[in-house]
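Visitor: I'd like to learn how to read a structure like this one, feature by feature. Could you take me through it?

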Amino acid sequence: MSQPGALPLLGPGVLLEALTRLAREPGAHGADELELSFEGGVLGTSRLARSQLTQTGDVVERMLRVRARVGDRVGAAHVASLDDAPAAIARAVEAARALASLPGPAAPPLPEPTPPDPAGSPGATRLATAMARSFRGETAELGAAGRADLALRALAPVRAAGCNAAGVVAVAVREQAVASTRGIKSYHRVTSAKLDVIATRDDDDRATGRASTVVHDASRLDAAVQAEHAAETARRSADAIVLPPGEYDVVLEPPAVAELMEWLALASFGSQGFRDGSSCLCGRAGEQLCDPAITIYDDGLDPDPDALVTPTDPEGVRKQRVVLIDAGRAGTPVLDTAGAVSLGHPASAATGHAGALDDSWALGSVAQNLAMAAGEDSFDALLGRVDRGLYIKRFHYVNGLLDTRRALMTGMTRSGCFLIEQGRVGAPVQNLRWTQGILAALGRVGGVTRQRRTVPVWWSAGGGILAPALLLRRFRFTGASSRD
Amino acid sequence: MSMLDATRAAVAALARREGVDYCDARFQADEVEQLYLRDDEVDRLARTRRAGFGVRVLYQGAWGFAAEPGAADDLAAATRAAEAALATARAAATVNTVRVRLAEEPPQQGSFTTPIERDPFTVPLAEKLADLRAVIAALRSGADPRVKSATARAEFRRIDKAFASSEGSAVEQHLWHGAAGMQVTAADGDVLERRSDPMDHGGRVAARGYELVGSLDLVGRAAALREEALALLTAPPCPAGATTVILVPSQLALQIHESCGHPTESDRAMGEEISLAGGSFLTPERQGRFRYGSVHVNLVADALTPGAPATHGWDDEGVPARRTPLVSRGQFVGYLSSRETAARLGLGRSAGCLRAENYARPPIIRMINVSMEPDPKGPTLAELVADTDDGILMGSNKSWSIDDLRLNFQFGCEVAWEIKRGKRTRLLRRPIYTGITPRFWGGCDAVGNGADFEMHGFLTCGKGDPMQTMWVGHGCPPARFQGVEVGSGA
């Protein structure tokens, strides 16, 4: 936990020996097949508010999922300890037998092992690179004192700027292992370090700035520089002007772009939205949905040094690169095994996108390593193309469920919204509400930056989205915030 | 060995350490079963058990927390969590300049168990699946090809907790939650509509056992729900403009959640959630002197209502369940609070709102049951409609968005009806409405009586970093609001 060398990881030896032994003899438990999938690790969090550390914690969590096939039905059970594996197997078998009492189609087959790439092939190299890059021992051992040190380095510039600081330093080390009767045997471990700094002016609590990032290697975090960015935005945000609702050209920083991508993923990039037809991609494969400058993909082995990587999913299936929007044309969804079968594909069409074991609410496959392809523009070039518009650092509380076929969403601006006039960033603007069909907005692209940043996602301690900045024309704002 | 022994031992050992001002330990075991059916397939059939210790320590005025998985008698796990919590608190103390203090609270002893009629974990799985399958069949009957998908779901939880503190509290709780509901999706070309009952977000959530499922009569209500979804396909979009709006409980519950529940969280009001969800317009200097809504608006927080989702014996720092007014006759009067925020804000006592999702999360301020009180002299829903000359009735939440101070909101519903001269007329699709919180509640000119009061809730209210989801309750009658901007987002 906080002591170097005392990581509570079970390791590949212990995990794979235990899981493989259980999976080898399904008949002993009354099953035809078993799959055992484990995720666990430690999450260290230090939260800042009012320039104090208000919450600090180191928590150890483990989750084992057992899936048992009996006949053509599959039951599942989850427990928090390897010691409880026999009980979980019994429950999974009981569930499979209960399902057999009901009519309905056969359950999808449990996944087959991913065929290994030949040594030295591009695929093998990509995998090896991702495995090596995803874990850093020094990050894993950072501990509470290391997080406190990062927090102190972030606090100084914020305080010096006449602001108070909020935010979080979160360091996670996780391991995942899968073994099955079909021969899957996989293990990987991942570290992540997230730093999120929010500066709020002491003399104007509506003037805030924020800078956030997430990396595999904590040594890449520069807390002071990040804090200075946040403080500078807060400094420039005082005495914001009020703009009337209407259409404005917008230059969106990566955090704002990432939040739109996050909601596209939730509503449209998984199998669920294809099953009920609610996805904006469903039935439109190859159709031009938006500007050719827009390509969105999910790649758990992304070679970009800023991308977060995850070699396999909790089914033990190797992550594949899936292009969701390809030069503006509708692509295909990310798939887990059940999602593949439910959409009429063979189980082997799974792309390695099963949801996390402890994710109790998401259904079907999940895009967890999202990225938008870089463009050719500099950030200043985007600004230079705007006569009168808005420069937006990030959005707040977006909801993308208004009309998922159009990707109609609403949300607010937050922590940095400025008027652009004649290509120059000017006065701060009070936060605005927007309501906009995002496919339509992505059809009016005025530029995409070369540079991309990894933006932490709110629903996962170590997750992130790699996004460029965008210039979008005629974005529709529908209301302004106000004090009361 | 009792469920309390390891927590007591961990606390006793930690309390003796130099510099420790306070500590508590919580053992929590969660048993969860999720059954989600979609048409003739199983979307999710999962039984999850997780258990472990979460230990908090206040060291030289700075908090530390740590958690370890383990069974109730795993003293070694409790001890490891205690040591790790102390290490994190020591690290925090090197940064902090302000010492945390706690409001006084008498030590607590005892136990609490949610009263239920039928333990859902003893109901045969085949029976539960058959009950849900009957709901799907009812939604699917008629074989209209425009019905694209039908879902039925149920979820059950048993939570066993033991809590001990260095001040001498030692309490046990055995809490139960159930949730059940259904949803139908209809589509024609690119028009797609959904209807849910009793609402989306997991259906009806309650502190009840398996008896909840039968009480909802989902099978009996399925045909009407399906027909409504089909009718929405050809309904006109909700027209745009300012009008009178009646919200029924399946939407008003969400309105209360977002625009009263979250902004009255005292940690938000003091800036402790800035890093994720934001702050609150209900700042401390406004307590007792800010007009939140009209005189018809009375909102309370309580953890005492029988059967409500967040009803318990004690919160996760041993504060007994109690009732706290938040808004009285339109005036903002109270906060959801903990011992720490009660001391900081001078509230006297905590409102008992410090709760953790599971053993591995620190307790933070969460809504309990935040409800709108009915007006004993108010109208029934039918009378409210009859009393409305021109307006729109909306129900069943579909989308939700609100700014970082909980002021500017926009909510969407699954369904709406036009009201003309006191009668429901046309069905309207994709209704949304928007407003500024105190102006919206200030426009409330009628609150229903108890006849149409419904207790709803959510299982997955998200807050904190790392994210915690929580079960919360919201009871309310229908209510009417004047001058609300509505539309369809077109």
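Visitor: Where is the place of Asp39(B)?

Guide: Asp39(B) sits in the loop between E1 and E2 of chain B; helices (H or I, at least four residues) and strands (E, at least two) are DSSP runs, numbered from the N terminus. Before we go on, this is a predicted model, where local features need pLDDT of at least 70, side-chain atom pairs count only at pLDDT 80 or more, and totals for chains, interfaces and linings use all residues. Residues are numbered from 1 along each chain as its sequence is written, while chains are lettered from A and ligands numbered from 1 in the order in which they are written.

Visitor: What should I look at in the backbone there?

Guide: Most residues other than glycine have a negative phi, and most peptide bonds are trans. Asp39(B) is not a glycine, yet has a positive phi of about 50 degrees.

Visitor: Which residues does a cis peptide bond join?

Guide: One such bond joins Asp197(B) and Pro198(B), with omega about -5 degrees, and Pro198(B) is in the loop between E7 and E8 of chain B. Another joins Asp465(B) and Pro466(B), with omega about 10 degrees. Pro466(B) is in the loop between strand E22 (454-463) and strand E23 (468-476) of chain B.

Visitor: Now strands. How many bridges join strand E11 to strand E12 of chain B?

Guide: Two strands pair if DSSP finds at least two bridges between them. Strand E11 (residues 299-302) and strand E12 (residues 323-328) of chain B run antiparallel, joined by 4 bridges. Leu299(B) is opposite Val327(B) in E12(B).

Visitor: Which strand of chain A is joined to E2(B)?

Guide: That's strand E3 (residues 73-79) of chain A, which runs parallel to E2(B) with 2 bridges. His78(A) has Thr48(B) in E2(B) as its bridge partner.

Visitor: How many residues does the contact take from chain B and from chain A?

Guide: The size of an interface is often given as the accessible area lost when the parts come together. Here we count residues instead: 73 from chain B and 78 from chain A, with two residues in contact if their C-beta atoms, placed from the backbone, lie within 7 Å. E2(B) gives the most to the side of chain B that touches chain A, with 12 residues. That side of chain B has 37 nonpolar, 19 polar and 17 charged residues. As for the classes, Ala, Val, Leu, Ile, Met, Phe, Trp, Tyr, Cys and Pro count as nonpolar, Asp, Glu, Lys and Arg as charged, and the others, Gly among them, as polar.

Visitor: How do I describe two helices that pack?

Guide: Two packed helices are described by the angle between their axes and the distance between the axes. Axes are lines fitted to C-alpha atoms, for helices over the stretch in contact, and angles run from 0 to 180 degrees between N-to-C directions. Take helix H2 (residues 85-100) of chain A and helix H3 (residues 125-140) of chain B: the angle is about 45 degrees and the axes are 9 Å apart.

Visitor: Why are H2(A) and H3(B) called oblique?

Guide: Angles under 35 degrees count as roughly parallel, over 145 as roughly antiparallel, 65 to 115 as roughly perpendicular and the rest as oblique. With about 45 degrees between them, H2(A) and H3(B) are therefore oblique to each other. Glu94(A), Ala95(A), Ala98(A) and Leu99(A) in H2(A) meet Leu125(B), Ala126(B) and Leu129(B) in H3(B). By class, this contact has 6 nonpolar, no polar and 1 charged residues.

Visitor: Last one: how is chain B divided?

Guide: Into domain 1 (5-232) and domain 2 (241-487), with bounds that come from an automatic or database domain assignment. The C-alpha centres of domain 1 of chain B and domain 2 of chain B are 21 Å apart. Their contact takes 46 residues from domain 1 of chain B and 38 residues from domain 2 of chain B. On the side of domain 1 of chain B that touches domain 2 of chain B, the largest share, 6 residues, comes from E2(B).
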